[in-house]
Amino acid sequence: MKSFRLNRLFNAKSGRCFDVAVDHGFFNQPGFLQGIESMPKVIKTLVDAAPDAIQLTVGQARHLQEIPGREKPSLVLRTDVANIYGKELPASRFSLVIEETMLQAVRFDAACVCVNLFQIPGAPEVHEQCVENILKLKPQADYYGMPMMVEPLVFQPNEKAGGYMVNGDVVQIMHLVRQAVELGADIIKADPTDDVSLYNQVVETAGGIPVLVRGGGRVSDREILERTQGLLKQGAAGIVYGRNIIQHPNPKGITRALMAMVHDNGSVDDALKLIA
């Protein structure tokens, strides 16, 4: 049954996936709601742009799944909530998973679930919690035939720019990606490397498990398109972008531009024309 759901997630033409992450409100962090204040409007805009999937929480999935008809993005259900994204790590840190995770995913007709695997300087206990979460979810995922996307995130120290500051060191990313694969991930959602030309090493260490690349912070259109092109050439199976879509002045245009690159191997210049 996992393959049936994966068929809804990966594009039939390219074999790749473009998932738009809109789960930021789950984390109670100032600034995370920029561009997604009205979720019904955001989801309608994204559905019109037709990415392969939209990543949502249990509280927001209804806005996607209530839309009638078959021609809409698949649901990727975010399963865990954490309090580690601020400039300062709180004294008590947590990463918690929703109850009856896979059963909720089945009820929401999700094509996939997503769970974090954090590596945070100064917070090894959060890494332990993440491993425990994945270990508990794995047999549930297998039982219900629900693909499990594991998101290995290597943080720089939080005081630099909060928990969204990516550590692009290829060795650290490779090691955490490999742990995610060893824990039973069906899909990997990983950070980009500082040197995009090295990303083939991340793909190789995943051993055939498809690797989708996380978008990170908001950058210029040309930068995100050039990075995406480079990552795809290095073997990435797709992308999971959030802020570069939802905080863009033209979310529909940038989505279509990225779709052209992911599924049609379009050029950067041609993709830029789709945004204007």
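User: Is Glu226 buried, partly exposed or exposed?

Analyst: This is a predicted model. In it, Glu226 has a relative accessible area of 41%. Because buried means under 20% and exposed means over 50%, Glu226 counts as partly exposed.

User: Where does Glu226 sit in the secondary structure?

Analyst: Glu226 belongs to helix H9, which covers residues 221–233.

User: Is Gly215 buried or exposed?

Analyst: Gly215 is buried, at a relative accessible area of 4%. Leaving out residues up to four places away in sequence, Gly215 touches Ile224, Arg227, Val240, Tyr241 and Asn244. Pro90, by contrast, is 25 Å from Gly215, C-alpha to C-alpha, and 125 residues from it in sequence.

User: Let us change topic. How many helices and strands does the chain have?

Analyst: The chain has twelve helices and ten strands.

User: Why would one call its radius of gyration consistent with a compact globule?

Analyst: A compact globule of 276 residues would have a radius of gyration near 19 Å, and the chain agrees with this because its own value is 17 Å. The C-alpha atoms fill a box of roughly 45 × 40 × 40 Å along the principal axes.

User: What about the surface and the charges?

Analyst: The chain exposes about 11800 Å², of which carbon and sulfur atoms supply 52%. There are 28 positive and 31 negative side chains, and the centres of the two sets are 6 Å apart.

User: Which residues touch the most other members of the largest nonpolar core?

Analyst: They are Val22, Leu117, Phe118 and Leu225, in a core of 77 residues. In soluble globular proteins, nonpolar side chains tend to be buried together.

User: What does Phe118 touch?

Analyst: Setting aside residues up to four places away in sequence, Phe118 touches Ala82, Ile84, Tyr85, Ser95, Val126, His127, Cys130, Leu153 and Phe155. A second, separate core has 14 residues, among them Cys17, Ala53, Val76 and Ala237.

User: Ser95 is on that list. What can you say about Asn133, which is also in contact with Ser95?

Analyst: Asn133 is in helix H5, residues 124–144, and is buried at a relative accessible area of 11%. Beyond its neighbours within four places in sequence, Asn133 is in contact with Ser95, Leu96, Val97 and Val115. The C-alpha atoms of Asn133 and Gly238 are 25 Å apart.

User: Where do Ala50 and Glu100 lie?

Analyst: Ala50 is in the loop between helix H2 (39–49) and strand S2 (53–56), and is partly exposed at 39% relative accessibility. Glu100 is in the loop between strand S5 (95–97) and helix H4 (101–107).

Key:
Residues numbered from 1 in each chain as written. Predicted model: local features only at pLDDT ≥ 70, side-chain atom pairs only at ≥ 80, totals over all residues. Heavy atoms only, no water. Helix = DSSP H or I, 4+ residues; strand = E, 2+ residues; numbered from the N terminus. Rg over C-alpha atoms; globule rule 2.2 N^0.38 Å. Areas by Shrake-Rupley, 256 points an atom, 1.4 Å probe, with all protein chains shown as cover. Lys, Arg positive; Asp, Glu negative; His and termini not counted. Charge placed at Lys NZ, Arg CZ, Asp CG, Glu CD. Core = buried A, V, L, I, M, F, W, Y, C linked by side-chain atoms within 4.5 Å. Buried < 20%, exposed > 50% of the residue type's maximum accessible area, 1.4 Å probe, protein only. Contact = heavy atoms within 4.5 Å.
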